[in-house]
Amino acid sequence: MTKPVILTGDRTTGPLHLGHYAGSLRTRLRHQDDHDQYLLLADMQAMTDNAQEPAKVRRNVIEVALDYLAVGIDPTRTTICLQSHLPALAELSMLYLNFVTVARLERNPTIKDEIRARGFGRDIPAGFLCYPAAQAADITGFKATVVPVGEDQAPLIEQTNEIVRRINATAGSDVLPEAQAVIPKSGRLPGIDGRTKMSKSGGNAIPLSASPDAIRAAVKAMFTDPGHLRVEDPGRIEGNAVFTYLDAFDEEETALEELKAHYRRGGLGDGTIKKRLEEILQELIGPIRTRRKHYAEDLTYVIDVIRRGTERARERTETTRRDVVAALGLFQL
Ligand code: ATP
Ligand code: MG
């Protein structure tokens, strides 16, 4: 039996962080055996809001690939590939843009949030506004049905499926499958400021390559409950970044529930909860950092992994492109 196909990816805008781990990497690790999995190094999507910094987009291809390998993505089971070297995806993107309106792109809640966060005002790069169509090409180019992503991506999967339905309706056959987003219950991880989502571009991230000192400093600076001034005061869990992180990374659920109850009652200092979180994060990131260092010393191997994965992906996406063009009945030579 053929395995269901997973496609996910990451923009090559910076090293991956704990938000990626909680939001998506953890799910990808679990599915390496029971799914046919593709990870896209999304350098073209990174260009949509980093056009003035191509060197940054190029450099981070290796950084993100190193993060994949460091967390345990195994290239013999998961295909790692580079978006800019998959021309069929660009061709499908151009085609899909005809199946979506500008008004619909502007209404996409994720795009709206991101336009605001980037302060584009009215000067939105056209490629940025259109990236949902390109992302639809990425997902459908692999004929993926499962997309493990953070909560912020749900509207993009919805928009992908709208495009799929329009194409299938025009073709008169189900040439493309619809995709299902797999979103973890922990939701989106906030940055250490406790306000916006942790993001590479937000300056509020704990990278998966963080040093022990950087982890310590990040936890120390983390937002808790501003009303919790003395140890004996009752504290709030909601909106308290330390507890949000404990929810995402502490596997001892009963102990965590007791800790929360104690904090709510009062008598538990921020130092104690931060100490627990720091221990958990040091334990999680330590082995990732060691493996990352090992792979960083062998970049020839890393580049080879990307090259071989991209070749495999090129065949698959080219087949889809041909299927779509044929299903729509366009002229073929
Ligand atoms: P950028 O700031 O450049 O947009 P990013 O940190 O938002 O980078 P992306 O490459 O856009 O990262 O996202 C890759 C994947 O990781 C997506 O599936 C996204 O939903 C998930 N993700 C990113 N940040 C978080 C977060 N803080 N919590 C949960 N999931 C996240
Ligand atoms: Mg993002």
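# Helix packing and exposure in a predicted model

Residues are numbered from 1 along each chain as its sequence is written, with chains lettered from A and ligands numbered from 1 in the order in which they are written.

- Buried positions in α14 are Val302, Val305, Ile306, Gly309, Ala313, Thr317, Arg321 and Val324, where buried requires 20 or more other C-beta atoms within 10 Å, exposed 12 or fewer, and partly exposed a count in between, with C-beta atoms placed from the backbone.
- Helix α4 (residues 87–96) crosses α14 at roughly 30°, and their axes come within 8 Å (axes are fitted to C-alpha atoms over the stretch in contact, with angles from 0 to 180 degrees between N-to-C directions).
- The two helices, α4 and α14, are therefore roughly parallel, a label for angles under 35 degrees, as against over 145 for roughly antiparallel, 65 to 115 for roughly perpendicular and oblique for the rest.
- From α4, the residues Ala88, Leu89, Glu91 and Leu92 meet Thr317, Glu318, Thr320, Arg321 and Val324 of α14, contact being C-beta atoms, placed from the backbone, within 7 Å.
- This contact of α4 with α14 comprises four nonpolar, two polar and three charged residues (Ala, Val, Leu, Ile, Met, Phe, Trp, Tyr, Cys and Pro are nonpolar, Asp, Glu, Lys and Arg charged, and the others, including Gly, polar).

**Helices α11 and α13**

- Helix α11 (residues 241–249) packs on helix α13 (residues 270–296) at about 40°, with 10 Å between their axes, and the pair is therefore oblique.
- On the α11 side, Val242, Tyr245, Leu246 and Phe249 meet Ile273, Lys274, Leu277, Ile280, Leu281 and Leu284 on the α13 side.
- Sorted by class, the residues of this contact between α11 and α13 are nine nonpolar and one charged, with no polar residue.

**Helices α8 and α9**

- Helix α8 (residues 131–141) and helix α9 (residues 154–171) have axes 9 Å apart and pack at an angle of about 75°, so α8 and α9 are roughly perpendicular to each other.
- The α8 residues Pro132, Ala133, Gln135, Ala136, Ile139 and Thr140 meet Leu156, Gln159, Thr160, Ile163 and Val164 of α9.
- In the contact of α8 with α9 there are seven nonpolar and four polar residues, and no charged ones.

**Helix α12**

- Helix α12 (residues 253–265) reaches 18 Å from its first C-alpha to its last, close to the 18 Å expected for its 13 residues at 1.5 Å a residue.
- Of the 13 residues of α12 one is buried, so the helix lies largely in the open.

**Leu29 in helix α1**

- Leu29 belongs to helix α1 (residues 18–30) and is partly exposed, with 17 other C-beta atoms within 10 Å.
- Leaving aside residues up to four places away in sequence, Leu29 touches Val71, Gly72 and Ile73.
- Between Leu29 and Asp233, which are 204 residues apart in sequence, the C-alpha to C-alpha distance is 41 Å.

Terms used. This is a predicted model: local features need pLDDT of at least 70, side-chain atom pairs count only at pLDDT 80 or more; totals for chains, interfaces and linings use all residues. Helices (H or I, at least four residues) and strands (E, at least two) are DSSP runs, numbered from the N terminus. Two residues are in contact if their C-beta atoms, placed from the backbone, lie within 7 Å. The expected span of a helix is 1.5 Å times one less than its number of residues.
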